[in-house]
Amino acid sequence: MDYGAFVEGLVFYLFAALAVLAALGVVIARSPVRSALALALVFLALAAMYILLNAPFLAVAQIMIYAGAVLILFLFVIMVLNPRLDIIGARGRGQTFVAIVFTIALGVLLIATLASGQIAPTTGKFTPEFVASIGHVQVIGTLLFSEFLLPFEIASVLLLIAIVGAMTLARRERVPHAESKRDLR
Amino acid sequence: MPLMLWLIPALPLLGAIINLLVGRRLPRALSSWLAVAFMAAAFGVAVSAVANLVALPPEERVLRETLYEWIGVGVGANSFSVNVAFWLDPLSAVMILVVTGVGTLIHMYAVGYMEHEKDYARFFFAMNLFAFAMLMLVLADNYLLMFLGWEGVGVCSYLLIGFWYDRDNLAVGTDEKFLSPRSSATKAFVVNRIGDFGFTLGIILMFWTFGSLSFAEVFPKAEEMFQIGAPVITVMTLLLFLGATGKSAQIPLFIWLPDAMAGPTPVSALIHAATMVTAGVYMVARSHVLYSLAPTTLTVVAIIGVLTAFIAATIALVQNDLKRVLAYSTVSQLGYMFFALGVGAFGAGIFHLMTHAFFKALLFLGAGAVMHAMNDMIDMRRLGGLRKVMPITFWTFLIGAFALSGFPLFSGFFSKDEILTAGFTSGNIVLWVVGVLTALLTAFYTVRAVILTFGGKPRWKEGEVVHAQDEHAAHGHGERGLHPHEASPVMTIPLMVLALGALFAGYVGLPSVLGANLFGQFLEPVFREPAVEISPTLEWTLIGISTAAALIGIFIALRFYLGDRETPQRLTRYYPWLYRLWSNKYWVDQIYDYVIARPGRWLANAFWTDVDGKIINGAADGLGRAFRNVGQALRSLQDGYARGYALAMLIGIVVVIAIVIMRP
Amino acid sequence: MLTVNHFTILSAVLFSIGALTVLIRRNPLIIFMGIELMLNAVNLAFVAFSHFLDDMSGQVFVFIVLTVAAAEVAVGLALVVAIFRARENVDVDEIDMLKG
């Protein structure tokens, strides 16, 4: 047995298990903070997967954006709202049960579909060797600013809209309240 | 001068439109005199048009004028077109002169009569529209345009009979129960619809037979295509006659006319004298070519005419309401006209129509003057002695009454005599005898009405308060006491003009032993009647008989009501069944009620409550309820919880994926 | 030897768990976390296919998804804050204004 393949397999199963367990933690943890931390673990595990998949730049981006920005945002909001411990399970028991059953069904169906599939022989020109010869970041950057320029620009507009929207939504009502006056001072 | 026939109906229409649109804003006097002015203008145009007509040689006396094509279908041989076109020949000339002339006088009278009425604009609008419709009817050059006027007349009569739609019973100072104006208007309209249905079918049959509705095409074709007695023509004329019985109040459809008294009195005068009821007579006379081809129909017309004349006269004997006496006399006189038409004496029928227009308008307007003076009380049992209070009304009314009863040398005498002579010479002796008898009855009830209203001692007291059954009914008078007075000049002048007409209108149609029948000669190009040659002895005899009938009737009435006042009561006691039969109008209303109206209403109710209410409405409601229930059930799914929707989405996704995978 | 199926199956599992999170938790914050889980699962599948097909488009698409996820989180959390201000409560099961 190939040693490299063994290590690859080991790393994959290790991080796969970590990802699944952490994901379950997100579902199960009653405290939002713990859910958030479990989610951070999932993000990290996926970053490892990206490295396994020869996408180091994505791995870094994953850590920076998800584990860094998104998760921190979550934690901030949790801190601001300071919610009670969450009750797991939907309003009706029946609904929770149905949800679990159908989620499992979904998983089984997805796995059945994916496991039975075979991937076509590779045809792309971005072989690992080719990417390595140029540099991963450079390849992605070139693609983003050439072939995918329009989606890239649209995504940036989307971000702008999201920023404005978030500010509008989260802003306090401009009622001349005693409290808001004090805030202004 | 170019022909301006269209102006004749257009002027009253213009007046109607003005009163409809701005009448309410105009001062009362302006609104009402506008209506009179437009009628008078129409009369002027009519006179000039007739003058143009008379200037032509007798055989060419037809003026035609086409305004525009109304309905045009197809081209070439199979085309069919109806024009808005007018046709003036001696027959329609007589009609337009009567309609506009008598109509103008009635309008003028109405100015005075309706002086207290708040809704004057609506009144004069409908009056002018009425005249417009009638003028369209008599000037039309085809049956469809005639039908337009025919229906317009029906609508206007509805509007005017129901003019006081907010009152329930107009009877004043009496306990008699009459139909409310609303119901009377509806009755008139519905009964007329039955006749109109026949008329419509007749027109359709005519179109089917001849492919045309214009007089100029139908009449020659009819004479070309059909022998005398052809079944198609018989059916067609019978259907048209059914229309005439509706409009002209003949058996079996006469019941609406007496109730039409619920309208204001000028309306009654207009309906009875100028417009509306003469429409049927005119239509039959206009279609004389067709009727001449259908002897069966003519016999039916004659029998119906005489029967109506007789039955209406007997009912008129026992009426207590002055206007109703006059109403039944109209029915009776129209019966005479149809009798004349039925024996082929079209000219005589139209002659009677013309004289009748004068004296009947006069009588109605006189009765209206009485109502005006007596706070709307019109029950003859409570009148009497009015000759001293209202001399002009009395004398003019007397002239009208003599004309109606056929007193020698008054207009009605000549026309009625001509009809009876025609009836005798046509060989229908039975009908003639009934006609003479009716003449006697006519004289009797007319004089009775005059005596009860104007003669004897007053059966009312100065200052007495008469109570209306409906609190609105004493319109404009309130609870003021009786203070009878002569009507104002605006009302008496029409009375006097009409009295002149009632006196002298008969002299245009003298019997041959006395002079020339100018009227008959004038109409001769239209009807082409063969002059009936009868010996002067026979003619004198017939004149003597009708004179005798009139005089006997008048004499009996004088005996009964001036001298021995007990006789009528005794007769009533001796023959109670006869009195009941007549005062209940042969129970025709009741019979119709039980045989037609109630089953009809029952059927309509059944359709309303069961078919429409339960089945159709039930289906509609049920459908609605079904959707509502389904919606109600589905509504619980829309519980507003976003997670529920997410779950539904998930279930959907799973099912779709499952289906995709399971597919081979 | 790892095949694409290893990664895609892991992706499917994570996706299902994310869906479950959305469906059974009441705190909107955690529901958002479930959504993030699902997005990440999809990203994993993208990257895996990209790697095994030698095609960089998948990875570029992941960038776009990252952007959308960031935007979605920003707006979503702003919404949560707004709702919390209005109702002093962020239990999803008590927000039922969509009720028909």
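Here are some numbered notes on the model above, starting with the ground rules.

1. This is a predicted model, where local features need pLDDT of at least 70, side-chain atom pairs count only at pLDDT 80 or more, and totals for chains, interfaces and linings use all residues. Residues are numbered from 1 along each chain as its sequence is written, while chains are lettered from A and ligands numbered from 1 in the order in which they are written.

2. Let's begin with chain B, which has 26 helices and 2 strands. Both come from DSSP runs numbered from the N terminus: helices are H or I with at least four residues, strands are E with at least two. Chain B has 664 residues, and 52% of them count as buried. Buried is for a residue with 20 or more other C-beta atoms within 10 Å of its own, exposed is for 12 or fewer, and partly exposed is in between, with C-beta atoms placed from the backbone.

3. Now for contacts, meaning two residues whose C-beta atoms, placed from the backbone, lie within 7 Å. Take the contacts in chain B with a separation of 6 or more: 80% of them involve residues 24 or more positions apart.

4. The two strands of chain B are worth a look. E1 (residues 63-73) and E2 (residues 80-88) run antiparallel and are joined by 9 bridges; strands pair if DSSP finds at least two bridges between them. Thr66(B) has Ala85(B) as its bridge partner, and Leu63(B) stands opposite Leu88(B). The strands make a hairpin with 6 residues between them, and Gly74(B) in the turn has a positive phi of about 75 degrees.

5. What about the inside? The largest nonpolar core has 217 residues, and Phe130(B), Met134(B) and Leu139(B) are among those with the most contacts inside it. A core here is a set of buried Ala, Val, Leu, Ile, Met, Phe, Trp, Tyr and Cys residues joined through C-beta atoms within 7 Å. Beyond its neighbours within four places in sequence, Phe130(B) is in contact with residues including Val153(B) and Leu270(B). A second, separate core of 85 residues includes Leu106(A) and Phe52(C).

6. Asp612(B) counts as partly exposed because it has 13 C-beta neighbours inside 10 Å.

7. On to the interfaces. Between chains B and A, 11 residues of chain B are in contact with 11 residues of chain A.

8. Finally, H2 (residues 32-52) of chain A and H2(C) have axes that come within 11 Å and cross at roughly 5 degrees, so H2(A) is roughly parallel to H2(C). Axes are lines fitted to C-alpha atoms, for helices over the stretch in contact, with angles from 0 to 180 degrees between N-to-C directions. Under 35 degrees counts as roughly parallel, over 145 as roughly antiparallel, 65 to 115 as roughly perpendicular, and the rest as oblique.
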